[in-house]
Amino acid sequence: MEALLFNVDSGFLEGTVRGYKAGILTQSHYNSLIQCETLEDFRTQLSATDYGNFLANEPLPISTATITDKATGILVDQFKYLRNNAVEPLSKFLDYITYGYMIDNVILLITGTLHERDTHELIERCHPLGVFDSMPALCVASNVEELYQSVLVETPLAPYFRSCLSASDLDDLNIEIIRNTVYKAYLEDFYAFCSNSSSNSNSSYATPGLNAATTSVMQRILAFEADRRTVNITINSFNTELSKEERAKLFPCIGRLFPEGNNQLAKADEIEQVRAVCESVGEYRQFFSDSSNGSAGENADGSEPNTLSHLESHFFQTEVYLNKLAFLQQFQYGVFYAYVKLKEQEIRNITWIAECIAQNARERVGEIVPIF
Amino acid sequence: MSDDYPSLLRSEQMSLVQLFVPTEVAHDTVAQLGELGNVQFKDLNPNVNPFQRSFVGEIRRIDEMSRRVRFFATRIQQEQDVVPIRPLPESAPINTTGPRAAQTMDELDVTLAAHEQRLTQMNDSYQELSERTKDLVEARHVLRETAVFFDKAQVQQINIRTSFDDSAAPLLRNDDCENQYSSGAVGQFDLEFIAGTIDRTRVSTFERVLWRVLRGNLYMNHTDIVEPFIDPVTREETRKNVFIIFAHGDVILAKIRKVAESMGATLYPIDANADKRADTLREVEGRLEDIQNILYNTGSTRRSELIKIGESLRNWQEVVRKEKLIYETLNLFNYDLRRKTLIAEGWVPTRDISGIQIALRRATVESGASIPPIVHELRTHKTPPTFIRTNKFTEGFQTIMDSYGIASYQEINPGLFAVITFPFLFAVMFGDIGHGFIIFVAALYMILAERKLAKIELDEMISPFFYGRYIILLMGLFSMYTGLMYNDIFSRSLHLWHSAWDFSTTGEKLVGVDNGYRYPFGLDPGWHGADNNLVFLNSYKMKMSIVLGVIDMTFALCLQLFNHIRFKRSLDIYANFVPQMIFLQSIFGYLVICILYKWSIDWSKASTSPPSLLNMLISMFLSPGKVDPAEQLYPGQPFVQVILLLLAAVCVPWLLVTKPYFAWKEMHQIKKQGYVGIAGNDESLDGVLEDEEEGAVVEDGDEDEQHDFGDVVIHQVIHTIEFCLNCISHTASYLRLWALSLAHAQLSEVFWSLAQALQSTLDPGMIGWIISVIVWLMWFSFTVGVLCCMEGLSAFLHALRLHWVESNSKHFEAGGYVRDSFCSWTLAS
């Protein structure tokens, strides 16, 4: 039944997003992009793809920042087009996608203000998908309470921030804690929204629910996202003043590691323990396999950054893989989320290649996560 | 050769030619060929990245130039007053060929860069000045608007004071007196405040945030600035508001300032003292005047620069476009081993080869080089592209057929016949002199105003009509003809000659009596308004549709024959064409003959009653050999029908078996001679031999499809079933001619009688006249809107379908690919 009526409201947009997806760069595009000698070549090469002549009107010495900005601009335009044409519950779903960017922007602004950066410069660095009206006023606040009362209370992020009002001062550690608490709340809320359990007290959905296909696709993606955060928080909190109880509070209560994996991670002290936990889940097993083979734990200090960068790229690959899976199923909203994430990865790839070309670091140019 | 002149009947004969172009003349050669526009170059380096090709440097330089030209164009567009752009034909062309070409391009590059630099500089200073003007204007607004707040406040204070001090009078509100009192009043203003401007869309957010930051203790006033601020670069309008916030305490003020600044507001220092405010206002206005003067001067110099650019802008655009095309084409070429010559391959209409040679020679002469490019014709197995020369008259008809499918190379092109059949089939459905005349006149207008209309950008609705203006013209003409045949003009009839019927009253009825005259052309007007008019017309038009349909299908089937002869497929003639023809004729050809025969008999004097032809056809299948003698059309009918039926029945297995049988036999023979299929091997061997003879390289990219025996069988089975079933369904499909024609006639009659009825109810007199004019105007607009446009479109669609499905399926292979030529410059712009 859901499939029968899906196209009434969302068929056009799903078609549109699948059309957009067809424009995502493929391996052969990357192959030719990698061969470029200069950024001008890069521009010529990109103009043969769906990006078209988006850089045609830029005066000649092109910077990588311009390329990234313009590419992000395309994504933002596409997203806004989708958002403007969407009806409930898809519009709500698309809003949820932007919340993640809003959280990032809020944290960026708070951190920037803490380090006394120029507000306008900070605002320019914000992700355009997460911009909201009262955002600039964030830099006035000096503690969380004030932050919440003056600005955030009227944004959709308010419920997420409510839980971390206790943190009194804004310093780097606290901001990090806030970021993770808020993100945890956001992920859990998004997960609940996608699961449509609607009993969640934080948010009241008066909207028609999402269908089962969306639920299954989005739960898979969000569960991975949650696990990724959990593992990252654990690893990053080694040797910091964050206590283990506090650490446990930051873990999202969803994902495949939840609950016993999370419990073990909360007690972990070194990376080997994290590995042991991750091996309990089939898909995550290989994340640590490269590093353990390579250095076999003989000198822990030297191998750690290596392990982490491997881990990071494994995470990205899995994310791309899961998002690609979303396109295999029809009549569901997962494609919208997946498209935004894939496009984001593509922009990361483009930026990476462009940076490598600009800085003449051609030997590292291949370290991208190809999508198709 | 039979085709000395280019014709629409078959696509042009194409040759694959190879050009050896010395590097120094390459550019000019391509420029010349581009003017000619009839070579389709093949990409000889398909595996090379676009940025690794030979001329990528030049292309990049031209890209940069075109960016500058685009920059000029947008600047000119953004200019408020229209900057004249001299159209292309009026400006002196820039010659980019010949020995001085490189120098010309260099000069152009330098000129463009210089212009760009000047323009950017002027823009920057203009923008800076505008920015300052904007600030000053805002400051002025803030001063004025805050003055209002202060005045109000002052009045209130004065009012308060009046209760204690009687000497204060309402006079004090006067501006003259205010200054005296302001010094006294200043003391009252111990409240601190912040004033500034902010974007109007942000006012509410700003207010909300402030309210929260100040914990509800917000005293804020804001008013709209009436005139919008216009961004000097993007020409976007922004509307702003002046605000003033009263607050107390340094911390709070600092907070407000911070919020305001982060929300994009501009703050202006305002003095509480009215005197000082007035001073500032005066100063601001003075400065504003100065800056506006400078701004005006900068603006006018910028404008004159733009006008100068506008004079040659079109020219530059043209040159840049041309050069880019030339280098993109050059990128398709291959260098020879010593990199002295470029090798190009492309398809050329065979008859144009001499023209190309002349162009090449001209290019050599112009560039002053000694070695001319060499043209060399290649032999190849590849199917050449389909290229049909059209002119503005045939273009529309050809497009109709091309949108169904591109004709195979050298196949009979149905576009030629569509020139007549299309308007004719349309007119059969649209037959009315009046309506035909209206669309004829409309098309005639478009044709006469062709040059003028071609220059204007027509909108999406009208441009297809303009594109098909010659089709519409013929459609109108043919509709007038069929209208004459149907004797229909706006659903009335013409009495050109004496009718064959006299009407006299017998009893209560008017009865027509044959008076011996015969109406010489078209339908007798006597039928108009008769009770049995519809019965007669239906029978007549239905039969006519069948006759026309069978003729059309037979004709289309015959075209197959010409294709078979042309491509020397004699087997297809015996295995396909002949049985198909017999099948069609023995059933439906016979029906047509019966129809015509039945029309020729005067049934009132005949001994038998007129038979129903439909029943006759059905019973021919169901009970062969039996015909009711009372309804016999002619003697010996049962025998003839049995023969025809047998003929048709024989055709089915004939069609089904012959071709596969011969294919099988051929295969068998080849095997018997001891050949073993090594797929495509001998083919490439041939190619190699040929290459050696020709001394040239022919890529044998696509191998001949190995036709499997199974494929042939399946194809033929499908073909047979399809043909036999389609014969029946297509004949029935032509009945749409009758249906649409009937609907059209009825609808126009409804409109007419409605208008007539409305008019007859009116009283004579002034008002009656006016209303009847309105009624007839409405009738006319309905006629044009509903009958000519909507009905016309539907008849158009049905005619389209009859061509694409009923007629094309009989012969049209449509397996070609279109020749996308390296276009001639003039057309592409």
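Okay, let's start with salt bridges: across all chains, the count comes to 42. Keep in mind that this is a predicted model. I'll go through a few of those pairs, then move to the spaces inside the protein, and finish with the record annotations.

Take chain A to begin with. Lys343(A) pairs with Glu346(A), and the closest N and O atoms sit 3.2 Å apart. Why do these two line up? They are three residues apart in helix α16 of chain A, so about one helical turn separates them. And are they buried or exposed? Lys343(A) is buried, and Glu346(A) is buried as well.

Now over to chain B for another pair within one helix. Lys324(B) forms a salt bridge with Glu328(B), with 3.9 Å between the closest N and O atoms. Both residues belong to helix α7 of chain B, which covers residues 274-330, and they are four residues apart, about one turn of the helix. How accessible is this pair? Lys324(B) has a relative accessible area of 26%, so we call it partly exposed. Glu328(B) comes in at 37% relative accessibility, so it counts as partly exposed too.

The next one links two loops. Asp352(B) and Arg389(B) meet through their side chains in a salt bridge, 2.8 Å from N to O. Asp352(B) is in the loop between β10 (341-349) and α8 (353-367) of chain B, and Arg389(B) is in the loop between β11 (374-378) and α9 (394-402) of chain B, so this pair ties together parts that are 37 residues apart in sequence. On accessibility, Asp352(B) is at 13%, so it counts as buried. Arg389(B) has a relative accessible area of 27%, which means partly exposed.

Then there's a network. Which residues does it link? Salt bridges connect Arg61(B), Glu64(B), Arg67(B), Arg68(B), Asp106(B), Asp109(B) and Glu116(B). While you're looking at that part of the sequence, UniProt, in an unreviewed entry, puts a "coiled-coil region" at residues 105-132 of chain B. In the model that span is 100% helix and 0% strand, and its end C-alpha atoms lie 40 Å apart.

One polar contact before we leave side chains. Asn211(A) is in the loop between α9 and α10 of chain A. Its relative accessibility is 9%, so Asn211(A) counts as buried. The side chain of Asn211(A) is joined to that of Thr214(A) by a polar contact of 2.5 Å.

I'll take the second largest pocket, which holds about 1,500 Å³. What lines it? There are 46 lining residues, and the ones nearest the centre are Tyr101(A), Asp104(A), Arg179(A), Glu344(A) and Arg348(A). The elements giving two or more residues to that lining are α4 (64-85), α5 (90-114), α6 (119-125), α9 (172-195), α10 (212-237), α15 (300-326) and α16 (334-358), all of chain A. Which one gives the most? That's α9(A), with nine residues.

Cavities next. How many of 30 Å³ or more does the structure hold? Five. The largest cavity has about 210 Å³ of space. It is lined by 19 residues, and nearest its centre are Asp488(B), His528(B), Asn533(B), Leu537(B) and Glu749(B). Two or more lining residues come from each of α15 (533-566) and α21 (736-761) of chain B. The top contributor to the largest cavity is α21(B), with five residues. The lining there divides into eight nonpolar, seven polar and four charged residues.

The unreviewed UniProt entry uses "transmembrane region" for residues 416-445, 466-486, 544-562, 582-601, 639-657 and 767-800 of chain B. I'll show two of these in the model. Residues 639-657 of chain B are 100% helix and 0% strand, with the end C-alpha atoms 28 Å apart. Residues 767-800 of chain B are also 100% helix and 0% strand, and there the end C-alpha atoms are 47 Å apart.

That's my tour. Over to you for questions.

Terms used. Residues numbered from 1 in each chain as written. Chains lettered and ligands numbered in written order. Predicted model: local features only at pLDDT ≥ 70, side-chain atom pairs only at ≥ 80, totals over all residues. Heavy atoms only, no water. UniProt positions renumbered as here; feature names shortened; annotations may be inferred. 1 Å grid on protein atoms, 1.4 Å probe; cavity = no way out; pocket = protein on both sides within 12 Å on 5 of 7 lines; lining within 4 Å. Points joined across faces, edges and corners; volume = space filled by probe spheres on them. Salt bridge = Lys/Arg side-chain N within 4 Å of Asp/Glu carboxyl O. Buried < 20%, exposed > 50% of the residue type's maximum accessible area, 1.4 Å probe, protein only. Polar contact = N/O pair within 3.5 Å; in protein donor to acceptor, adjacent residues only side chain to side chain. Nonpolar A, V, L, I, M, F, W, Y, C, P; charged D, E, K, R; others polar.
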